[in-house]
Amino acid sequence: MHCKISLSPNVRTRSRSYYRERHSFSACLLTLLVSGTILPFSSEVEARQTSVIGSVGTGFDIRDRSYDTDYSGSTGDQQKISIKPTITVTSKGLYDLMSFQYSPGLSYEFKDGETDIDQFLNVKAQRNMSSKWLVTFADRYKYTDDSETYYTTAEGDQTSGADDGTETEDTLSRDQTGRRYWTNAASIRTSYALYEHTMIDGGYTYSVLRNEQGSRGSDYDEYDKHAFSAGLQHDFNPNWRSSIGANVIRGLFDSSSTSSSSNSDLYQYGLSTRIDYVHSNLDAFPFKYSLTTTDYDTSSRSGTTAHQWSLGWEHAMNQHTRVSIGGGPSYAVTEGLDGEWSYNAYLNFSQKFEHTSYSLQLTKEFETNNFSGTDESGLEDTYNARFNIAHQYTKALRGNMFARYSKQSQLDPQGIYRTATGITPQTTTGDNTYDKDIYEAGVGLNYAFNQWYSLGLRYSYYVSEGQLDSDQYDEHRVILSLDMSKELFRW
């Protein structure tokens, strides 16, 4: 069997054949999995368990967005009904795991009378090459017009666009909801136990973002992203353990799709270290240091660097309650300007009981976000707070509620975000920032009945307060869904 995969380091042209081949990596990976080239099946048939689950869901999605000004851009409003079948195949052996999930979605938009098809694909394969060596392959594809779209992975967890820089999806700008796009992230990772208390790991992820339709200037900025990472974990003794990780990211943007020439190709480097003193089963004291640097290819945009140190305490109050708290100094500098001293801090509190769970997260830190799909990128000084509660009322009825607040201050903003600040003279990092406050709250209910069916209702309220007319709005969203899921085969 022959399978050709081509990963161009710099994509500057688009053709029909290119878009036809956008599934090539996923298709090729799946072919290799089925053929056994990557994931050889164990000869002991009785040791393998394979299941096929089929599901179908229908839903009604209402989004109502109101701008504070007479903004003439896309309103982001929608009223659509959809149907989404899903097929999930999971196969587990003594030394390997393969999972495949495909979910196309057909929707009709009442406001503009258009019919669209969304697509979601997840492929994952794990193989224990030996008792010490694990290799993982994964590919995730999404084609939609909703940057917040939730879907179920083959492992069963609910996922949205979260980004850790190497493996998961990048978080696209919510302000541009309604632009149809597709993303694909293919990765390979490996870990190896050098000794009883020493582990090394590393990986590579190739991600792309493409617009499927829409006029230039209103689409996401397209890019190719190559991310390499490596790590080392070592336990010196029962009381002391350490870890170190590094990553290198190369971002290549399509100049014909960018909204500003400032949003250019870049290199991003990251380094993180952690040393834990484990006092007991109840208490640990971590010391952390992180470094993030971004170098842009264009001379019109300055590079940034952020250092962060923190000392913390992790404590288990009892079998239900855990808390971690910490903080320390931070230092950020933009090339050509004086640096700025600040601080970072975090507080995590969680309680888990038989039917109810609570969690509270508070963070203040410098974050790097270069792949939002807009000029809203670069180094940010952020404050985040989130509270969650979930409760199992009965065996069939489950509810959850959340609230969050985020304050984002872009350092050295670019494009229209820079223009909105007045472009004051700068001598120190942080003299010129683009600030945005975000408030969000939501509640959801899910009722399971007749063994295979579930009825869901979710409501969220979102408020964006920025300096541009395009991100001064509040938004209500209601999603009503009915799903049926059943195991079709097992062998």
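Select Ser 290 and then Gln 308 in β14, its bridge partner. Strands here are DSSP runs of E with at least two residues, helices are runs of H or I with at least four, and both are numbered from the N terminus. This is a predicted model, in which local features need pLDDT of at least 70 and side-chain atom pairs count only at pLDDT 80 or more, while totals for chains, interfaces and linings use all residues. Residues are numbered from 1 along each chain as its sequence is written, and side-chain values use heavy atoms, with hydrogens and water left out.

Now show β13 (residues 283-296) with β14 (residues 304-316): the two run antiparallel and are joined by 10 bridges. Two strands pair if DSSP finds at least two bridges between them. One place to look is Ala 306, whose bridge partner in β15 is Ala 332. A hairpin of four residues leads from β14 to β15.

Next, go to Arg 174, in the loop between β7 (158-159) and β8 (181-195). Is Arg 174 buried or exposed? Its relative accessible area is 12%, so Arg 174 is buried (under 20%; exposed is over 50%, partly exposed in between, with a 1.4 Å probe and protein chains only). Display its contacts (heavy atoms within 4.5 Å): beyond neighbours within four places in sequence, they include Arg 65, Tyr 462 and Glu 475.

Finally, zoom out to the whole protein, which has three helices and 22 strands. Of its 491 residues, 44% count as buried.
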